[in-house]
Amino acid sequence: MSIPARVTLGVAEYEAVDTALAAWDTTLASNYPGDDGRRQPVQTAYVSAERFTPGLGAEWGGLAKSAADSVGGLAAVARLVGLGDASDVELLAELVARKLDTEPIEDLRLDFEDGYGDRGDEAEDADVSRAVERVAEALAAGTAPPFIGIRFKCLESSTRSRGLRTLDLFVSGLLAAGELPAGLVLTLPKVTSVAQVEAMTDVVGKLESAHGLSSGRLRFEVQVETPQLILGPDGSAPVAKLLHAAPGRVSSLHYGTYDYSASMGIAAAYQSMDHPVADHAKNVMQLAVAGTGVHLSDGSTNILPIGDADHVASAWQLHARLVRRHLERGIYQGWDLHPAQLVTRYLATYAFYRDGFDSAATRLRNFVHRFESAILDEPATARALASFLHRGVECGAITADEVRVAADIDVPTLRDIALSRPTS
């Protein structure tokens with residue numbers, strides 16, 4: 001027996017729902033725009049500002065390769081830390097060697113904060129001026145990393161004026177020398193409140209006006225190094241609020257391993273990227289950035305691969321494990337503190353993408369070309385598969401030819417799928 005269906009809701013009811021949800025529709029579109037397609041570096045290196053030279057990237061790449069050569073080469077390190085089997089370890093080593101030759105540092109921060117200290121205004125002014133000259137030289141010579149900038153002192157009362165002066169001198173100096181780097185990054189450390197992010201937004205807006213820059217040209221990343229950003233006095237998560245209090249200004253959130261751990265009372269011997277307090281903070285940060293287009297970075301390990309052979313091996317094993325760990329948890333960037341850490345940064349990162357390549361490429365091919373498959377993927381999963389592959393291509397772990405053959409699509413199509421928005 002067929003039961004006829006009857007529409008009972010009319011235009012007035014539809015319009016009433018539209019009206020009720022209009023404000024949220026606007027909020028969703030403006031506050032959660034999704035990935036904007038910006039490249040995210042896989043690593044960030046910090047050096048005290050006065051140590052930067054236009055050849056620093058090549059120097060770090062050479063030191064990284066020398067460190068690997070001291071134990072038999074990159075393939076030997078890969079085996080030492082448990083990455084890759086006999087069939088693919090040589091290809092992994094070849095790809096990482098190419099990276100260390102061509103783009104050893106993806107993101108570089110000239111540090112005027114903890115790694116620099118308080119040297120007095122005269123000395124810091126002079127170092128900012130030299131930093132500007134050297135960055136301009138690196139840009140002109142084509143030796144600057146794709147992303148480069150400064151970490152200036154925080155907006156707490158004791159360092160506020162000094163930090164803002166350094167920021168002003170750096171931005172103004174680069175503009176006087178030519179133009180700002182396309183990959184300029186400004187890092188605001190030790191943030192404790194949404195108000196500090198709002199103040200920073202006002203400052204960069206005034207710098208834009210003073211120099212005739214387009215609104216939004218100066219974005220900044222926030223270092224999450226204090227528990228006050230994870231849990232506010234009212235029980236809320238200020239780290240989520242700050243993104244929406246400064247729309248379009250915050251480019252990334254970076255976890256600060258040691259400041260955060262220390263402020264939580266963790267003994268120095270147990271401060272680590274994988275401590276439970278670190279995981280809690282990063283879980284909140286990951287929730288905060290979801291859907292906003294803001295990037296997320298893990299912190300660093302201060303266990304460096306230098307010294308005797310046993311310690312070097314242990315430090316590399318630890319670093320490789322921590323890099324793989326944050327990649328598996330959906331955090332695609334982290335800090336490096338020493339050239340020898342680039343060895344395991346890229347070996348672990350490239351192994352992560354190559355280990356997942358065959359499955360991701362096959363599943364995406366089946367979805368795009370509607371091939372029958374034992375795994376029934378939905379559009380959201382297809383976007384995740386495409387994003388995984390695209391990140392692998394961007395960092396050099398996967399080649400465009402490999403994607404074309406295995407997934408039967410080109411890289412522009414891959415990117416389009418990764419950036420596609422859900423449809424209703």
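Two rings of Phe, Tyr or Trp (the six-membered ring of Trp) are taken as a pair if their centres lie within 6.5 Å; planes under 30 degrees apart count as stacked, over 60 as edge-to-face and the rest as tilted. In this predicted model, local features need pLDDT of at least 70 and side-chain atom pairs count only at pLDDT 80 or more, while totals for chains, interfaces and linings use all residues. Residues are numbered from 1 along each chain as its sequence is written, and side-chain values use heavy atoms, with hydrogens and water left out.

**Aromatic pairs**

The structure holds seven aromatic pairs. The rings of Y346 and Y350 are edge-to-face, because their planes stand at 65° with the centres 6.0 Å apart. Both residues belong to helix α13 (residues 341-368) and are four residues apart, about one turn of the helix. Helices (H or I, at least four residues) and strands (E, at least two) are DSSP runs, numbered from the N terminus. Y346 is buried, with a relative accessible area of 0%, and Y350 is buried at 1%; buried means under 20% relative accessible area, exposed over 50% and partly exposed in between, with a 1.4 Å probe and protein chains only.

F352 and F388 also form an edge-to-face pair. F352 lies in helix α13 and F388 in helix α14 (residues 379-395), so this pair ties together parts that are 36 residues apart in sequence. Both F352 and F388 are buried. Ring pairs link F352, Y353 and F388 into a cluster.

| Pair | Centre to centre | Angle between planes |
|---|---|---|
| Y346 and Y350 | 6.0 Å | 65° |
| F352 and F388 | 5.5 Å | 70° |

Strand β2 (residues 107-111) is mostly covered, five of its five residues being buried. D107, R109 and D111 are on one side of β2, L108 and L110 on the other, and all are buried. Two strands pair if DSSP finds at least two bridges between them. Strand β1 (residues 43-48) runs parallel to β2 and is joined to it by four bridges, with V47 opposite L110. Five bridges join β2 to strand β3 (residues 147-151), also in parallel; there the bridge partner of L110 is I150.

β2, helix α5 (residues 121-141) and β3 make a right-handed β-α-β unit. Right-handed means that, with the strands pointing away from the viewer, the path from the first strand over the helix to the second runs clockwise.

**Charges over rings**

A charge sits over a ring if NZ of Lys or CZ of Arg is within 6 Å of the ring centre and within 35 degrees of the ring normal. R109 lies over the face of Y46, at 5.9 Å from the ring centre. R119 lies over the face of Y116, at 4.0 Å from the ring centre.
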